[in-house]
Amino acid sequence: MSDYQPQPEASLRILDGVLKVSEQLAALPAFADFDAALLQQVLGEAGKFVGEVVAPLNQSGDAVGAQFKAGAVIMPPGFRDAYQAFWQAGWPSLACAVEDGGQGLPTVVEAVLHEMLNAANHGWTMAPGLLHGAYECIRHHGSTELKARYLAKLASGEWLATMCLTEPHAGSDLGLVQTKAVPLPDGRFALSGTKIFISGGEHDLTDNIVHLVLARLPDGPPGPKGLSLFLVPKFHEDGVRSSVHCERIEEKMGIHASPTCVMRFDEAAASIVGEPGKGLNAMFVMMNAARLLVGLQGIGLLEAAWQKADAYAKERRQMRAPGSSSKAGAADVIAMHPAMQRILQTQRAWIDAGRVIAYRTALELDLQKHHPDTARREAAARWCSLVTPVLKSAWTEQAFTGASACLQVFGGHGYVREWGIEQHVRDARVAMIYEGTNEIQAIDLLVRKTLPDGAAALQTLLAELAAEPGQNPRTRLALHAFSAFVREQVLPRTSESDASPDQPFWLADDFLRALALLLMAWAWDRLATAPHADATAHAAFWRWVWPEFDMRMGMMNTTLTARQSAPAML
């Protein structure tokens, strides 16, 4: 099968035809020179680079994989050349500040680029995936010295970065981190400990790697509040290599071309980033950026799987389709069969709605940062806080289940490697796990972002969506019903006086999924009235995706009316 082909014109139809991105951004002083023509030019060139340079390396990179030899990692053939061309062409610097050597373009442009990159070659794109988050982390929390030394290199992409969080015993429970940082006479720290699951911890793509590491000072209290953030380069300014060692890379189900490393720090000289004991605050800048990009990974991977399945369905002939009057040969292309149409149209409904939600989230990040009106910045922050966990969770799950459905279009051919569709299934599975598992995203949404303020932020968001002009009455009714459900059922029955403390945790997954479906309904209302609307995918959403909303509401009702939690699973 042919490689994934970027479709920047499809993204442009959503960006300007649905969200009016150019119009909104041009009204901000920071982007006064930004217009639709520039957006079209940048995304057109991005699609060309991704399609010609990155996509052709996908299957060969998966077959060869990253190779570990004597502490070094050798990337698959062509990967280093592609990355060098990538950063030298200025792609990592799109949304970085001009004063740091960046291009000062909106975040939403960078978001579309990353969707294309992940669709084209998930393994390769893991390398620059954390780059902008590391840049923002140091820009906001680094000392003047660290900024002078590292910002320009990270903004350009000349150096890559890692995020070293978890440890063999810790998993997602960062409060258990044991890596130690001991003060040195020169103001730096000696860092010692082992970190696991470190994407790009060692490779030959760049001449240096900047490690951002969570560790504990000797007087740091136990738990998350005792963690500080440190920077350890692979090579120091004088060319001396740090005492940082890659012990091995993991043999994984997918993303074989991305080295997932076990990293050992042996009294490595480190600089603190931000204040002592505020490591998670500093790292959160990086983690939140990563969660949006992982949501875009889900959309991109689903698009790549859909492209393969759609092309195959238009060529493969099997049996006569029901009601066929075709005279061509003894069989029809399988695209004519209802079962195949349902699979393909359902994935299209998820992809297009996901793009609306993801692009708006990226746009809201720009508005949060640059809009002159305080209330509008607050509204943007509210959207990003509530929608980012939904986007990360729902669209990474759909990337896996949808890619599996697309494999089904191929029949037996989908299960063999030469067609390439099985790689998307393997690659997509990890996105449901990293940057906070999907279950953690659901807990974050309900337990940390909805219940503490009495659902005030969520209720405001739902009311804003329901008040938008052009809303389908069905969508508006569902938004009001969900709002009432939260107010009348969720809040009273998850209060400490009325429920066991674990009740919200049983509820969280269904709660997030219901909100994801509401956001999809809102997105399809926007898409349906835009030029070049896809009426088939619109109908598919209401026919085969939306009914899940009633199911999730029913499951939450069942959970809330049960006075005792389900028995523990042993």
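Let's begin with a term: a pocket is an open set of grid points with protein on both sides within 12 Å along at least five of seven lines. Keep in mind that what you see is a predicted model.

**Stop 1: the second largest pocket**

Which element gives the most to the lining of the second largest pocket? H10 does, with nine residues. By class, the lining of the second largest pocket has 20 nonpolar, 14 polar and seven charged residues.

**Stop 2: the largest pocket**

Next, the largest pocket holds about 1400 Å³ of space. Select Leu-165, Ser-172, Tyr-434, Glu-435 and Gly-436, the closest to its centre among the 50 residues that line the largest pocket. Helix H10 (279-313) gives the most to this lining too, with 10 residues. Other elements that each supply at least two residues include helix H6 (107-120) and strand S5 (189-199). The lining of the largest pocket divides into 22 nonpolar, 17 polar and 11 charged residues.

**Stop 3**

The structure holds four cavities of 30 Å³ or more, and the largest cavity has a volume of about 100 Å³. To find the largest cavity, select Met-126, Ala-127, Ser-199, Gly-200 and His-203, the closest to its centre of the 14 residues that line it.

**Stop 3: two helix pairs**

Show helix H1 (residues 8-15) and helix H11 (residues 338-370): their axes come within 10 Å and cross at roughly 60 degrees. That angle makes H1 oblique to H11. For the contact, select Ala-10, Ser-11, Ile-14 and Leu-15 in H1, which meet Asp-352, Arg-355, Val-356 and Tyr-359 in H11.

Finally, show helix H12 (residues 374-409) and helix H14 (residues 438-448), whose axes come within 9 Å and cross at roughly 155 degrees. H12 and H14 are therefore roughly antiparallel to each other. H12 passes H14 in a left-handed crossing, whereas H1 passes H11 in a right-handed one.

Notes:
Residues numbered from 1 in each chain as written. Predicted model: local features only at pLDDT ≥ 70, side-chain atom pairs only at ≥ 80, totals over all residues. Heavy atoms only, no water. Axes fitted to C-alpha atoms, helices over the stretch in contact; angles between N-to-C directions. Helix = DSSP H or I, 4+ residues; strand = E, 2+ residues; numbered from the N terminus. Parallel < 35°, antiparallel > 145°, perpendicular 65-115°, else oblique. Left-handed = near helix turned anticlockwise from the far one by under 90°. Contact = heavy atoms within 4.5 Å. 1 Å grid on protein atoms, 1.4 Å probe; cavity = no way out; pocket = protein on both sides within 12 Å on 5 of 7 lines; lining within 4 Å. Points joined across faces, edges and corners; volume = space filled by probe spheres on them. Nonpolar A, V, L, I, M, F, W, Y, C, P; charged D, E, K, R; others polar.
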